[in-house]
Amino acid sequence: MKYTFIETDEQMRDMCDVLSREKRIGVDLEGDSLHCFKEKICLIQIATDKEAFLIDPFVMTDVTAFIRVLENPGIIKIFHGADFDIRSLDRDYGARVANLFDTEIASRFLGTEERGLAALLKTHFNVIADKKFQRVDWAKRPLKDDMIAYSVGDVEYLTRLHTILAGQLDD
């Protein structure tokens with residue numbers, strides 16, 4: 001999936017203008033909770049149906065536009081296992097995510113036994129997700145190319161997964 005790395009406040013505002021016209025977006029965060037006492041958000045990944053955005057929060061000075069997107073009830077925010085992400089967004093930015101769809105919780109309601117993102121991607125898209133970067137220190141810069149590919153992969157299928165799971169829930 002094509003991605004853009006967001007490293008300036010101006011790029012952030014431009015990205016948020018694009019996102020504000022979307023009906024739904026996939027969202028994921030990477031943090032450093034295993035590597036420091038006071039954890040923080042180290043990377044924010046967002047995907048539309050067509051492209052992904054990676055936000056480096058270490059270089060942002062104004063995340064107001066991003067918080068407005070998260071709090072916009074007209075956009076579905078799709079997460080997988082959102083509990084860590086929601087707590088982190090509240091702690092770091094005071095953000096209150098509106099209109100959230102959690103693919104892990106949806107899978108629970110559907111009675112799915114294996115609800116991890118890797119299992120869902122295998123089941124629905126025949127994609128093998130390598131989760132080897134789940135425990136790395138995402139605070140270290142520069143990010144390696146394979147870490148970037150991993151982070152894009154975490155959000156690439158969320159909007160399509162939402163379509164499938166929401167349809168199954170409706171049925």
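The model is predicted, so local features need pLDDT of at least 70 and side-chain atom pairs count only at pLDDT 80 or more, while totals for chains, interfaces and linings use all residues. Residues are numbered from 1 along each chain as its sequence is written, and side-chain values use heavy atoms, leaving out hydrogens and water.

Let's begin with the parts: the protein has seven helices and six strands. Both are DSSP runs numbered from the N terminus, helices being H or I with at least four residues and strands being E with at least two. Along the sequence they come in the order β-α-β-β-β-α-β-α-β-α-α-α-α. The radius of gyration (taken over C-alpha atoms) is 15 Å, close to the 16 Å that the globule rule gives for 171 residues, so the protein is as compact as a globular protein of that length. That rule is 2.2 Å times the number of residues to the power 0.38.

Next, look inside. Of the 171 residues, 47% count as buried, meaning under 20% relative accessible area with a 1.4 Å probe, protein chains only.

Now find helix α7, residues 158-170. At 1.5 Å a residue, its 13 residues should span 18 Å, and its end C-alpha atoms are 18 Å apart, which agrees. The expected span is 1.5 Å times one less than the number of residues. Which residues of α7 are buried? They are Leu158, Thr159, Leu161, His162, Leu165 and Ala166. Seen down the axis of α7, these buried residues fall within an arc of 145°, so they line one face of the helix. The arc is that of the directions from the helix axis to the C-beta atoms.

Note on methods. Buried means under 20% relative accessible area, exposed over 50%, partly exposed in between (1.4 Å probe, protein chains only).
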